[in-house]
Amino acid sequence: MLEITDIVVKYGPIEAVRGVSLRVEEGEVVSVIGANGAGKTTLLGAVSGLKPPNSGHIRFRGETLGHKSPDERVKRGIAHVPQGRRIFPDTTVLGNLLIGAYTRRDSEGVQKDLEFFYQMFPILRARAGQTAGTLSGGEQQMLALCRGLMSRPKLLLLDEPSMGLAPKIVVSMFGAIRDLAVELGTAVLLAEQNVAEALRISDRGYVLETGEVVLEGTSEEIEHNPRVLEAYLGGCAPPEAGASDERR
């Protein structure tokens, strides 16, 4: 579905992403993990059109994206939930969700999706008429996730969804991401510093360090790699049950 080949993304003379190649297949959840400043946000921005690459190629569903605008990429089936959620705080919860569906013309389908997300996250139904800025951090992340999915994307880009959330909410949020991906048939490219949770719900992963992919493989392979154990998991692998239960 998504093929990234040897892309370079620069900010002035600085290469934030250097020669990165990766792929995401239909229905997969793929994680890009790494420390703050590794280039994860820049990589997702290259896919969504916010920061097109200086060189290399990005193909989506067989089409080269080139310098297509973010709006054009949304219409082709790519949705981006950015770091920090970026909801519209002075707009209602319902208004935010409908903004996510702005490219759609199937009003009946939009209403069905609203009902689906309200069932997944009842708090959004209860606060549909409330301004989004009054929600808690976890509720805002739920809203941002559902707003991204309201466009019915083939590929969802998620940038640091755990940021600023309590550990208990993080576990619940990541479980919801996996459930939604399976239910809707949406592929997910997830950029995340919370390595254990990201790998728990992913099929495959890539480790990004200073703009370069230094390791790739299945989530099981990555979470048991000595380099990852030492750098990101405190020298201990996640519990086997937690790793296997959420994955297909």
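The talk below takes each label in turn and tests it.

Modeller: One thing first. This is a predicted model.

Biologist: Then start with the rings. What makes Phe 116 and Phe 117 an aromatic pair?

Modeller: Their centres are 5.4 Å apart. The limit for a pair is 6.5 Å. So Phe 116 and Phe 117 qualify. The structure holds 1 aromatic pair.

Biologist: Why is the pair of Phe 116 and Phe 117 called edge-to-face?

Modeller: The planes stand at 65 degrees to each other. Edge-to-face needs over 60. The pair therefore gets that label.

Biologist: Why does Phe 117 count as buried?

Modeller: Its relative accessibility is 1%. Buried means under 20%. So Phe 117 is buried.

Biologist: Where is Asp 113, and is it buried or exposed?

Modeller: Asp 113 belongs to helix α4, residues 107-120. Its relative accessible area is 5%. That is under 20%, so Asp 113 is buried.

Biologist: How do you know that Asp 113 and Arg 152 make a polar contact?

Modeller: Their side chains are joined at 3.0 Å. The cut-off is 3.5 Å between N or O atoms, so the contact counts. Asp 113 also touches Arg 104 and Met 150.

Biologist: What is the charged end of Lys 51 doing with the ring of Tyr 11?

Modeller: That end sits over the ring, 4.6 Å from the ring centre. The distance limit is 6 Å, so this value passes.

Biologist: Which two residues show a positive phi without being glycine?

Modeller: One is Asp 6, with a phi of about 55 degrees. Asp 6 lies in strand β1, residues 2-11. The other is Thr 210, at about 45 degrees. Thr 210 sits in the loop between β9 and β10.

Biologist: Why is Asp 6 called partly exposed, and why is Thr 210 called exposed?

Modeller: Asp 6 has 45% relative accessibility. Thr 210 has 55%. That is over 50%, so Thr 210 is exposed.

Biologist: How much space lies in the largest pocket?

Modeller: About 620 Å³. The pocket is lined by 27 residues, and among the closest to its centre are Leu 50, His 80 and Pro 82. Elements giving two or more residues to the lining include α1, β6 and α6.

Key. Residues numbered from 1 in each chain as written. Predicted model: local features only at pLDDT ≥ 70, side-chain atom pairs only at ≥ 80, totals over all residues. Heavy atoms only, no water. Phe/Tyr/Trp six-rings, centres within 6.5 Å; stacked < 30°, edge-to-face > 60°. Buried < 20%, exposed > 50% of the residue type's maximum accessible area, 1.4 Å probe, protein only. Lys NZ or Arg CZ within 6 Å of the ring centre and 35° of its normal. Helix = DSSP H or I, 4+ residues; strand = E, 2+ residues; numbered from the N terminus. Polar contact = N/O pair within 3.5 Å; in protein donor to acceptor, adjacent residues only side chain to side chain. Contact = heavy atoms within 4.5 Å. 1 Å grid on protein atoms, 1.4 Å probe; cavity = no way out; pocket = protein on both sides within 12 Å on 5 of 7 lines; lining within 4 Å. Points joined across faces, edges and corners; volume = space filled by probe spheres on them. Lists of a residue's contacts leave out its neighbours within four places in sequence.
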